[in-house]
Amino acid sequence: MPGDRDDEICQKALELLSDLCSKGEVQNENCLDFIYYFRDLTRPRYSDSDISVSLLSLVVTACGLALFGVSLFVSWKLCWIPWRERGLSPTTKEAQGHINPTMSPLPAQSAPKQPPTPVASAAMKISHTSPDIPLDAQSKTRENGVHTNPRMQRQTTEPAQGSIRRHMNLSNPDFNVAQFQRQDSLTGMGLGLGRLKPELYKQRSLEGDEGSRRGGGCGRLHFILKFDCDLEQLIVKIHKAEDLPAKDFSGTSDPYVKIYLLPDRKTKHQTKVHRKTLNPVFDEVFLFPVAYSELPTRKLHFSVYDFDRFSRHDIIGQVVVDNFLDLADFPRETKLCREIQYVSSDNVDLGDLMFSLCYLPTAGRLTITMIQARNLKAMDITGASDPYVKVSLMCEGRRLKKRKTSTKRNTLNPVYNEAIVFDVIPENIEQISLLIAVMDYDRVGHNEVIGVCRVGNDADSLGREHWSEMLTYPRKPVAHWHPLVEWPKRFKTSNL
């Protein structure tokens with residue numbers, strides 16, 4: 001083609017000019033630049049694709065070397081180390097503390113008794129857990145007249161050498177088997193060297209002491225009562241307490257006393273806390289304003305507590321004093337000493353509930369009239385409660401029916417005057433009982449139990465007496481105050 005021919009002629013012309021310029025036959029100022037330009041054109045050039053392929057091959061090579069190094073490391077861990085451990089000689093293993101158990105052969109027949117002969121081994125075992133005894137110790141054993149048959153079948157799996165060495169005192173050159181046997185007989189350890197004795201680690205249980213006191217008293221409380229007729233005040237001096245139970249792990253208690261003049265719970269007095277003692281001396285005086293005519297209806301309630309800085313205070317027990325007019329020398333100064341009775345929980349702050357019972361045998365109708373409650377425990381952050389009463393008709397632990405009163409808002413002394421009626425035939429009146437619970441209504445969440453009380457033949461003293469009085473006087477309402485007790489935590493609230 002003409003175009004190719006022209007390019008070929010131009011290429012040859014350029015080569016000729018380059019040769020002439022390089023030989024110096026042509027003198028021109030642009031000759032040197034022409035030579036350099038022609039050399040650049042003839043120099044080979046690399047494309048971008050060639051450069052990308054080179055970089056990719058470099059990255060692949062680096063990754064391959066890294067994988068190869070990792071595979072070598074893993075192979076060394078998995079293969080070389082176990083192989084090296086298996087390749088250790090028996091003497092090396094003995095130097096490391098006899099890791100593998102060894103068995104010495106047992107003769108097929110009992111050979112005749114022969115004098116002891118030296119053993120070729122470097123050491124021998126005297127028990128399952130003892131270390132090896134050197135040959136010099138064996139020689140001392142033979143000198144002391146103690147012979148040991150070396151050919152005995154024993155499995156010698158060794159524990160850590162440090163603790164056994166301390167027990168057996170191998171560093172002592174005078175150590176021998178007889179000394180070890182005498183030490184075992186004195187300490188009673190025998191072959192159970194290092195065995196734990198649980199009786200040495202038992203802590204004194206406080207619950208056992210507490211359980212032993214449940215049936216009786218928890219110490220004694222000494223106090224003095226006096227009534228000032230001019231000022232109409234009951235003077236109470238708490239002198240001391242004796243033989244209180246220990247509530248702390250140190251074997252002591254931090255006791256203090258709370259005092260109420262029931263049924264009024266708004267006036268409360270408390271002694272100082274006495275640290276780490278079971279026989280505190282208080283010597284503190286408290287005054288309760290009360291009329292002399294009201295004393296027959298009042299009760300003096302002492303609650304003895306153990307102070308705890310980081311948790312709820314534990315109640316030790318309580319003392320209740322009533323019938324003040326029957327006390328000797330009262331209203332003059334009267335010294336008293338009463339046993340502190342065990343109680344599982346402090347119910348003094350829960351309040352009281354008054355209701356009446358009336359039964360009509362002819363109509364088979366049981367009427368419970370909720371009258372009022374007083375001094376209920378505050379359940380809300382506002383310092384009040386929203387109480388209502390729930391009554392359940394129970395038979396042998398099963399709830400047959402339930403009724404409830406209206407809710408009284410923001411009060412601790414609600415007045416209800418509401419009647420709840422159950423139909424109970426006379427044949428079944430002896431088998432049923434009433435479980436009465438005062439609840440705190442909560443708009444968000446579950447309603448909480450403030451306290452409960454029971455009436456019936458299987459109830460406590462006051463509940464049983466109220467029930468018997470109702471049956472004794474039919475068709476007549478019988479009203480009583482009942483103290484509320486705490487609902488056991490092991491029972492669910494839904495069972496009420």
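1. Let's start with Val321. Leaving out residues up to four places away in sequence, Val321 touches Phe223, Leu225, Lys299, Leu300, Phe302, Leu327 and Arg338. One thing to keep in mind as you look: this is a predicted model.

2. Where does Val321 sit, and is it buried or exposed? The residue belongs to strand 7.

3. Now the wider setting. Val321 is among the residues with the most contacts inside the largest nonpolar core, along with Leu225, Leu234, Leu300, Phe302 and Phe324. That core has 30 residues. Two or more residues come from each of strand 1 (217-228), strand 2 (233-242), strand 3 (255-262), strand 5 (281-289), strand 6 (299-306), strand 7 (314-321) and strand 8 (334-341). Strand 1 is the top contributor, with five residues.

4. With residues up to four places away in sequence set aside, its partners include Leu221, Phe223, Val236, Ile238, Val257, Ile259, Val319 and Val321. Lys258, Gly317 and Gln318 are also touched by Phe302.

5. On to helix 9, residues 461-472. From first C-alpha to last, its 12 residues reach 16 Å, close to the 16 Å expected at 1.5 Å a residue. Which of its residues are buried? They are Gly463, His466, Trp467 and Met470. These four lie on the same side of helix 9 because they cover an arc of only 95° around the axis. The general rule behind such a pattern: an α-helix has 3.6 residues a turn, so residues three or four places apart point the same way.

6. What covers that buried side, and what is on the other face? The cover over the buried residues of helix 9 includes strand 9 (352-360), strand 10 (365-374), strand 14 (432-440), strand 15 (448-456) and strand 16 (478-483). The face turned away from the buried side carries Glu465 and Thr472, both exposed.

7. Finally, the whole chain. It has nine helices and 16 strands, and 33% of its 496 residues count as buried. Among contacts with a separation of 6 or more, 64% are between residues 24 or more positions apart. The accessible surface comes to about 32,000 Å², with 54% of it belonging to carbon and sulfur atoms.

Definitions and conventions:
Residues numbered from 1 in each chain as written. Predicted model: local features only at pLDDT ≥ 70, side-chain atom pairs only at ≥ 80, totals over all residues. Heavy atoms only, no water. Expected span 1.5 Å × (residues − 1). Buried < 20%, exposed > 50% of the residue type's maximum accessible area, 1.4 Å probe, protein only. Arc of directions from axis to C-beta. Contact = heavy atoms within 4.5 Å. Core = buried A, V, L, I, M, F, W, Y, C linked by side-chain atoms within 4.5 Å. Areas by Shrake-Rupley, 256 points an atom, 1.4 Å probe, with all protein chains shown as cover.
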